[in-house]
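This report describes a protein model through its salt bridges, its nonpolar core and the surroundings of some residues. Please look over the sequence and the structure before reading on.

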Amino acid sequence: MIGKTIHHYKILEKIGQGAMGQVYMGKDLRLGRSVCIKVLPSEISDDYTVKSQLESEAKAVGLLNHPNIAILYDFNN
């Protein structure tokens, strides 16, 4: 994944991995800002339950506004 571009986000380096996928440091090529990108593994990316869980997580995070909580810029399923 390193060096690939997804939409307008360039993947620079892997920074973590968990049960729901891998997390990468990236660059928003439109706005020039640093971002983190979470990618589901292919074996679960077509699972409706997993996609629904991730979408619920994204919606919940998108409602939050606090300096100690990450800002969600984009979501694509």
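A salt bridge is a side-chain nitrogen of Lys or Arg within 4 Å of a carboxyl oxygen of Asp or Glu. The model is a predicted one, in which local features need pLDDT of at least 70, side-chain atom pairs count only at pLDDT 80 or more, and totals for chains, interfaces and linings use all residues. Residues are numbered from 1 along each chain as its sequence is written, and side-chain values use heavy atoms, with hydrogens and water left out.

**Salt bridges**

Three salt bridges are found in the structure.

| Pair | N to O distance |
|---|---|
| Arg33 and Asp28 | 3.2 Å |
| Lys38 and Glu57 | 3.2 Å |
| Glu55 and Lys59 | 3.4 Å |

Exposure is given here as relative accessible area: buried is under 20%, exposed is over 50%, and partly exposed is in between (1.4 Å probe, protein chains only).

Helices (H or I, at least four residues) and strands (E, at least two) are DSSP runs, numbered from the N terminus. Lys38 is partly exposed, with 39% relative accessibility, and Glu57 is partly exposed with 37%.

Glu55 and Lys59 are four residues apart in helix α2, which puts about one helical turn between them. Glu55 is partly exposed at 27%, whereas Lys59 is exposed at 54%.

**Nonpolar core**

A nonpolar core is a set of buried Ala, Val, Leu, Ile, Met, Phe, Trp, Tyr and Cys residues joined through side-chain atoms within 4.5 Å. The largest one has six residues: Tyr9, Ile11, Tyr24, Val35, Ile37 and Val39. Two or more of these residues come from each of β2 (9–18) and β4 (34–39). The most come from β4, which gives three.

Contact means heavy atoms within 4.5 Å. Apart from residues up to four places away in sequence, Val35 touches Tyr9, Tyr24, Met25, Gly26, Lys27, Asp28 and Tyr73.

Gln22 is part of strand β3 (residues 21–28). Is Gln22 buried or exposed? Gln22 is buried, with a relative accessible area of 16%. Neighbours within four places in sequence aside, Gln22 is in contact with Lys14, Gly16, Gln17, Ile37, Lys38, Val39 and Pro41.
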